[in-house]
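My entries follow the order in which I looked things up.

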Amino acid sequence: MGEELYLSYSSAFLIGLLGSTHCLSMCGGISASLSMALPVGRGFRVRQTAMLLAFNGGRIGSYAAIAALIALLSTSASAYWTQLGPILRTMAGILLILMGLSMGQWWQGIRYVERIGAPVWKRLSPLTARVLPVHHFHQALILGALWGWLPCGLVYSTLGWAALQPSVGSAATTMLFFGLGTLPSMLATGYAATWIRKLRDHQRFRQIAGLLLIGFGICTLPVTAFLHTGHG
């Protein structure tokens, strides 16, 4: 079990890393604005880094909290419905495949999935106005925690995968590693690095990342997992 969890965590990190260019269109703007709101002067880089880490720490923390909640519900339900596992695997695999198609810019069907979280975000988004503009560390942390609930196909794809973990703690840890995978791109955006925007718009990179995400999705499907055990 330990090795399986390690592979799941490393794969979650890789999914976050590969799909992080998708995050730039949804979270990159707010990350960059945190830096622009800071007065330039002595210690600017230190303050900038603290703000970016606080925002992204709150964002990643929300991912882990959502995963823990979903895992708690799924493990409770599976105690009464033994067939829930294959259904969750199928949903997780399909979501990853849809995200891969979106990353490769072949089909944007994942946008329909993102609408699922719209009602929750509609209630939470007004709260972001209470911490804007951000001038202090705790404001950035709260803003990030709220922003973590923004409807996102990449997050939903990985949440479906996290729900397959054997415990609430491992589900939360899976999303923690996923969030850490998105961190380099988000920090680069905050530092106004031009290379990350070029990477986001690079068609070949998006296609390769999309194919890899599709591969993760196919491997997650119950049929693939069954054949992988040698019982096929």
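Is Gln105 buried, partly exposed or exposed? I found that Gln105 is partly exposed, with a relative accessible area of 47%; buried means under 20%, exposed over 50% and partly exposed in between, with a 1.4 Å probe and protein chains only.

**Basis of the entries.** I note that this is a predicted model, in which local features need pLDDT of at least 70, side-chain atom pairs count only at pLDDT 80 or more, and totals for chains, interfaces and linings use all residues. Residues are numbered from 1 along each chain as its sequence is written, and side-chain values use heavy atoms, with hydrogens and water left out.

**Whole chain.** I counted 11 helices and 0 strands; these are DSSP runs numbered from the N terminus, helices being H or I with at least four residues and strands E with at least two. Of the 232 residues, 47% are buried.

**Backbone.** I returned to Gln105, which lies in the loop between α3 and α4 (110-114). Gln105 has a positive phi of about 60° although it is not a glycine. I also looked up Pro133, in the loop between α5 (118-128) and α6 (137-147). A cis peptide bond joins Leu132 and Pro133, with omega about -5°. For comparison, most residues other than glycine have a negative phi, and most peptide bonds are trans.

**A helix pair.** How do the axes of α3 and α10 cross? I found that the axes of α3 and α10 (residues 203-220) come within 7 Å and cross at roughly 170°. That makes α3 roughly antiparallel to α10, a term for angles over 145 degrees. Axes are lines fitted to C-alpha atoms, for helices over the stretch in contact, and angles run from 0 to 180 degrees between N-to-C directions. Among the α3 residues in contact (heavy atoms within 4.5 Å) are Ala92, Gly93 and Leu96, and the α10 residues include Ala209, Gly210 and Leu213.

I recorded a volume of about 550 Å³ for the second largest pocket. A pocket is an open set of points on a 1 Å grid where a 1.4 Å probe fits, with protein on both sides within 12 Å along at least five of seven lines; lining residues have an atom within 4 Å of a point. Of its 21 lining residues, the closest to the centre are Ile70, Leu95, Ile116, Tyr156 and Leu159. Helix α3 gives the most to this lining, with 5 residues.

Note on methods: Points joined across faces, edges and corners; volume = space filled by probe spheres on them. Parallel < 35°, antiparallel > 145°, perpendicular 65-115°, else oblique.
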